[in-house]
Amino acid sequence: MKKVFLFLLITTVSFQVNAQTDKQLITKACMNYLEGFYEGNTDKLKAALKPTLHKFGFWKSDKTNKYGKASYMTFEGALKFAKNVKARKNYAKKGSPKKVEILDLLDKIASVKVTAYWGTDYMFLAKQDDGSWMIEQVIWQGPNK
């Protein structure tokens, strides 16, 4: 009986530690994403994004107050954007939001909501064979003005 109890205790603790580690790794990937764009840091984006990234979203025009056509970004487009941020020193303002909320976490996939200065992103991450988490897909919307 003691062996069964000990086995269950170890299994439960191990599961909780792995879940916590996954949450930390997912949060780190999302912070690399945010900071990569905020700082113009391509290394952080490469650590967070799959090369097969599919990202699209909607921005509301200041002039018309209407959303335009969807804007698409690839992995290479994300790196190019970050390089432009760095080259132009167009960094995010101090105090810009960097909020990461894990909405759902399974063994191999997770859904996350990220709040940034440009609006809200919903993203899907996948756990890699090495245990890291990478962003596969992003859909975003600029702020309501």
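Entry one, the hairpins. I began with E4 and E5, which form a hairpin with 2 residues between them. Strands here are DSSP runs (E, at least two residues; helices are H or I, at least four), numbered from the N terminus. The model is predicted, so to speak of local features I need pLDDT of at least 70, and of side-chain atom pairs pLDDT 80 or more, while totals for chains, interfaces and linings use all residues. Residues are numbered from 1 along each chain as its sequence is written, and side-chain values use heavy atoms, with hydrogens and water left out.

I found E4 (residues 109–116) paired with E5 (residues 119–127) in the antiparallel sense over 8 bridges; pairing takes at least two bridges found by DSSP. Lys113 is opposite Tyr122 in E5. I then followed Tyr122 to E6, where its bridge partner is Ile139. E5 and E6 (residues 133–141) run antiparallel and are joined by 8 bridges. Their hairpin has 5 residues between the strands, and Gly131 in the turn has a positive phi of about 95°.

I looked up the largest pocket and noted a volume of about 190 Å³, taken as the space filled by probe spheres set on grid points joined across faces, edges and corners. A pocket is an open set of points on a 1 Å grid over the protein atoms alone, where a 1.4 Å probe fits, with protein on both sides within 12 Å along at least five of seven lines; lining residues have an atom within 4 Å of a point. Among the lining residues I listed Phe37, Lys55, Tyr117, Trp118 and Trp140. Strand E2 (residues 71–73) gives the largest share of the lining, 3 residues.
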